[in-house]
Amino acid sequence: PYRIAVQRPATCRPVGPFPGPVGAVVRHRATGAWIAVFMAKAGEGFARSGFYWTSSRDLIAWDTPRLLLEGATLYDDPCKATAPLIAYPSLLDPAAEGRNFDDVGDGALMTYASLRVEGCTITSDRDLLRRPVAIRVWP
């Protein structure tokens, strides 16, 4: 079967405004809108480093990302960090109806990790943090 060259299928086109992996995609129960949170680095299409969020009705077309929490992330140079790095954003609703916590109401907890840096090394000293967020998605 390997004697004949096979044409490889075309790769899928990336979806959304995401510079890397998405921390979470959840569905807003009241409106059905999808909400994604992710990290981004300043200078790569984003004004500042930090966590951003965006929403979509169909998981293909996404709104312009908006800054949710500013701070140096894992995408930034740890040698220049003046505070712990932030990473791994997610949205969790303790009242989620899905068994995978894949839906949110009008409020949720943004959970993320804070990573301590020593010199240019990201240490294993990490804190798991959570902040309440209000969710307002317009129809």
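Which two residues form a disulfide, and how far apart are their sulfur atoms? In this predicted model, Cys79 and Cys120 form the bond, with their sulfur atoms 1.9 Å apart. A search of the whole structure finds one disulfide. Cys79 lies in the loop between strand 4 and strand 5, and Cys120 in the loop between strand 7 and strand 8 (121-134), so the pair ties together parts that are 41 residues apart in sequence. The torsion about the S-S bond is about 130 degrees, so this disulfide is right-handed.

| Residue | Relative accessibility | Class |
|---|---|---|
| Cys12 | 73% | exposed |
| Cys79 | 41% | partly exposed |
| Cys120 | 48% | partly exposed |
| Tyr112 | 4% | buried |
| Asp93 | 6% | buried |

Five strands form an open sheet with mixed pairing, in the order 4-3-2-1-6. Its edges are strand 4 (66-70) and strand 6 (103-104), each of which pairs on one side only. Within the sheet, strand 1 (residues 22-28) runs antiparallel to strand 2 (residues 34-40), and five bridges join the two. Ala24 stands opposite Val37 of strand 2.

**Asp93**

Asp93 belongs to the loop between strand 5 (85-92) and strand 6. At 6% relative accessibility, Asp93 falls under the 20% limit and therefore counts as buried. The side chain of Asp93 reaches two backbone nitrogens: that of Ala95, which lies 2.8 Å from one of its polar atoms, and that of Gly105, also at 2.8 Å. Leaving aside residues up to four places away in sequence, Asp93 touches Arg29, Phe101, Asp103, Val104, Gly105, Gly107 and Ala108.

**Tyr112**

Tyr112 is part of strand 7 (residues 107-118). With a relative accessibility of 4%, Tyr112 is buried. Residues that touch Tyr112, not counting those up to four places away in sequence, include Phe51, Leu69, Ile86, Ala87, Tyr88 and Pro89. Asp127, Leu128, Leu129 and Arg131 are also among its contacts.

Which side chain makes a polar contact with the side chain of Tyr112? The partner is Arg131, at 3.1 Å. Tyr112 and Arg131 are 19 residues apart along the chain, and their C-alpha atoms are separated by 8.8 Å.

Terms used:
Residues are numbered from 1 along each chain as its sequence is written. This is a predicted model: local features need pLDDT of at least 70, side-chain atom pairs count only at pLDDT 80 or more; totals for chains, interfaces and linings use all residues. Side-chain values use heavy atoms; hydrogens and water are left out. Two strands pair if DSSP finds at least two bridges between them. Helices (H or I, at least four residues) and strands (E, at least two) are DSSP runs, numbered from the N terminus. Buried means under 20% relative accessible area, exposed over 50%, partly exposed in between (1.4 Å probe, protein chains only). Contact means heavy atoms within 4.5 Å. A polar contact is a pair of N or O atoms within 3.5 Å; within protein, one must be able to donate a hydrogen and the other to accept it, and residues adjacent in sequence count only if both atoms are side-chain atoms. A disulfide is a pair of cysteine sulfur atoms within 2.5 Å.
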